[in-house]
Amino acid sequence: MTALLLAPLLAAAAGAAVVTNPVPAPIAPGITLRLTPFGQSLPAPGTQFDGFRTHIHALKPVPDASGRLFIVDTRGTISVASTAGGTPRLWFDIRIAVPSFRAWATNGQAGLMSFAFHPNFAGNPGTPGYGIFYTIDTSADTAGTATLAGKGPGINHHNVIHEFRVVDPAAATASLTAQREVLRIAQPRGDHGAGNIAFNPTAAPGSADYGKLYISLGDGGGGGDPSGNAQDFTSPFGKILRIDPTPGAGGAAYTIPADNGFAGDPAKLGEIWAAGLRNPQHFSWDAATGQMLIADMGQSQLEEVNIGVAGSNYGWPLREGSFARGTSADPDVYDTPAKPGGFLDPVAQFDHEELLRSGEYTLGGISSVFAYTGTAIPELVGKVVVSELVSGRLLYYDKRAALLNQPAPFLEIHISKDGRDTNLRSLDGNPLRRQRVDLRLGTDNAGELYLFSKTYGNIYKLGALSALPKPAPGSPCLSTSASPASPCAAPPTRPPAHARQ
């Protein structure tokens, strides 16, 4: 398979010129918003080896009127916070429920990666899905039979989807009445595996998409997808899968929806909903349009947002963003986009040169994407907000610009806390990891946005700034500017190559 993959890669780049700056225009300064402390997550269980107090990875609301927010820590816990914020309470510990669960101390891409409440979790007790939630987690137990497997040098670990049923969805802690394994995927390498799981919150009961579980998986690991998983339709990696997680006929642990993009094709996995992704750690839905938004981490050049479409192929590793790539190990992109399979273009993208302009000395990665649907920040209505993992920058684009025939330009959100301009690297940068922030976003049922990072476990709520405050006397230059002319920006120096998320 690898040899077959490299041939079109080489052909795509043949005779094409290297693009040294894929997105030439700098990210322009945008709005300034207020950052309000909401709470601090519980410390991560286990040894603190890397300067991170927590390993919080996702923040999600429960589908009811309580307003509760649930925070997952990859080391194995889910905690719950009220709408008032403060210190969350422990709600669920997978280490007790699943003895084979493992969160490797040296691998930030393993552990309890995501969870999803069934849309009827706190709804009608007489309707399927009541009291049920799902997790995607990693297991060191590779002796069991995997449901799906990809290409690679061996088996590093398994990605497992578990189903849990609780006695009372409104209870302070998860008291389990049942649990089962839904899906097990053998992963060849330690990175680029389990990402996000979620149900479409815009799907109404009785619709074809109601109760269908979406699962994002990276390309199985290694730089440049060396095993050729993302374009192999017999592999689950580099894909978004979609299943009906309720038991099927004949004792099947789940069923494949008939309206999946590749259902019924004997040469392809029916579970595949979309393909050609590198490391889609997060996706969400725009409540205003019903569209899925996919944040796909790039390799060496570009970070992208894609619109989720059933049966689509986004091109990785033939493409990175909207540009062609060369061989698996080639870090460059080329000026002739490869479109042999009708690849779907990203709706928005930014390049790593942008991080160099702003004085960041490490490669970045897009970590979250949300269309703003709240009411507290009028300036964000009609906008899509993304987070950059390493530097902690917040970016956004206008959905109207995304309707044009080219990726929409990003603008930067600057933040103010206690009347001072600041940034997440100053607030929550990890001093042991070159001030790495590990920033991600979450949302509540009202569509308002929350920011959180691993170093201190701080959770912030994003709000409107009624009037731009004047800088305090003697205030240091804290805001990260996108402009190379800014006095805050360090001279652009290309960072050394290193392992990516």
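Start your tour by selecting Leu59 and Ile71: in this predicted model, Ile71 in β3 is the bridge partner of Leu59. Now widen the selection to the strands around that pair. Strand β2 (residues 56-61) runs antiparallel to β3, and 5 bridges join the two.

Stay on Ile71 and look across to β4, where Ser79 stands opposite. Strand β4 covers residues 77-82, and its pairing with β3 is again antiparallel, over 5 bridges.

Next, colour β3 by burial. Because 5 of the 5 residues in β3 (residues 69-73) are buried, the strand is largely enclosed by the rest of the structure.

Show the open sheet of 5 strands, ordered β6-β7-β9-β10-β8 with mixed pairing. At its edges you'll find β6 and β8 (148-149), each pairing on one side only. Further in, pick β9 (residues 157-166), which is joined to β10 by 10 bridges in the antiparallel sense. For a landmark on that pairing, select Asn159, which stands opposite Ile185 in β10.

Now for the greasy part. The largest nonpolar core has 25 residues, and those touching the most other members are Tyr134, Ile136, Ile161, Leu183, Leu213 and Ile215. Elements giving two or more residues to this core include β6 (112-117), β7 (132-139), β10 (176-187) and β12 (213-217). Zoom in on Tyr134 and show what surrounds it: leaving aside residues up to four places away in sequence, its contacts include Phe115, Ile161, His162, Glu163, Val182, Phe199, Leu213 and Pro245. Apart from this core lies another, of 22 residues; select Ile366, Val384, Leu389 and Ala401, which are among them.

Last stop: colour the chain by pLDDT. The protein averages 87, and 86% of the residues score at least 70. Over residues 1-12, though, the pLDDT is below 50, and this stretch has 23 contacts in the model beyond near neighbours in sequence. Then select residues 467-501, where pLDDT stays under 50 and the model has 76 contacts beyond four places in sequence. Where pLDDT is low, predicted coordinates should not be read in detail.

Technical notes:
Residues numbered from 1 in each chain as written. Predicted model: local features only at pLDDT ≥ 70, side-chain atom pairs only at ≥ 80, totals over all residues. Heavy atoms only, no water. Buried < 20%, exposed > 50% of the residue type's maximum accessible area, 1.4 Å probe, protein only. Helix = DSSP H or I, 4+ residues; strand = E, 2+ residues; numbered from the N terminus. Pairing = 2+ DSSP bridges. Core = buried A, V, L, I, M, F, W, Y, C linked by side-chain atoms within 4.5 Å. Contact = heavy atoms within 4.5 Å. pLDDT = per-residue confidence, 0-100.
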